[in-house]
Amino acid sequence: MLTWSEAVTDAVRRVAAKKPNGVFNRGDLIAQEGARMCADTGTTGETPMQTVSRELQQLRDKGVLEFDDDRGTYRLIA
């Protein structure tokens, strides 16, 4: 099993690799990777996608992501 941090980081890297300039939005991440992140973490909780949002904010705080706009669009920078 992966931690949520590991699962989200892996998912972000997979999604960003398919996008020009590493830009993706939260909706794309959840649609493409949501089920895999839950499976990778063994989560069956009620709010896993809120956990994704928290992890995205933490990745931003660590300098891995930056907000591209205020509508859930991010850019992978590290």
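Visitor: Among contacts between residues at least 6 apart in sequence, what share joins residues at least 24 apart?
Guide: In the protein chain that share is 54%, where contact means heavy atoms within 4.5 Å. Keep in mind that this is a predicted model, where local features need pLDDT of at least 70 and side-chain atom pairs count only at pLDDT 80 or more, while totals for chains, interfaces and linings use all residues. Residues are numbered from 1 along each chain as its sequence is written, and side-chain values use heavy atoms, leaving out hydrogens and water.

Visitor: OK, and which pattern does the chain follow along the sequence?
Guide: The order is α-β-α-α-β-β, from 3 helices and 3 strands. Those are DSSP runs numbered from the N terminus: helices are H or I with at least four residues, strands are E with at least two.

Visitor: How much of the chain counts as buried?
Guide: 35% of the 78 residues. Buried means under 20% relative accessible area, exposed is over 50%, and partly exposed is in between, with a 1.4 Å probe and protein chains only.

Visitor: Which residues of helix 1 are buried?
Guide: Trp-4, Ala-7, Val-8, Thr-9, Ala-11, Val-12, Val-15 and Ala-16. Their cover includes strand 1 (23–25), helix 2 (26–41), helix 3 (48–61), strand 2 (65–67) and strand 3 (73–76).

Visitor: How far does that helix reach?
Guide: Helix 1 (residues 4–17) spans 20 Å from first C-alpha to last, close to the 20 Å expected for its 14 residues at 1.5 Å a residue. The expected span is 1.5 Å times one less than the number of residues.

Visitor: Switching topic: where is Asn-21?
Guide: Asn-21 sits in the loop between helix 1 and strand 1, and it counts as exposed because its relative accessibility is 64%. Phi of Asn-21 is near 60 degrees, positive in a residue other than glycine. Most residues other than glycine have a negative phi.

Visitor: And what does Glu-66 touch?
Guide: Leaving aside residues up to four places away in sequence, Glu-66 touches Arg-60, Thr-73, Tyr-74, Arg-75 and Ile-77. Glu-66 is in strand 2 and is partly exposed, at 33% relative accessible area.
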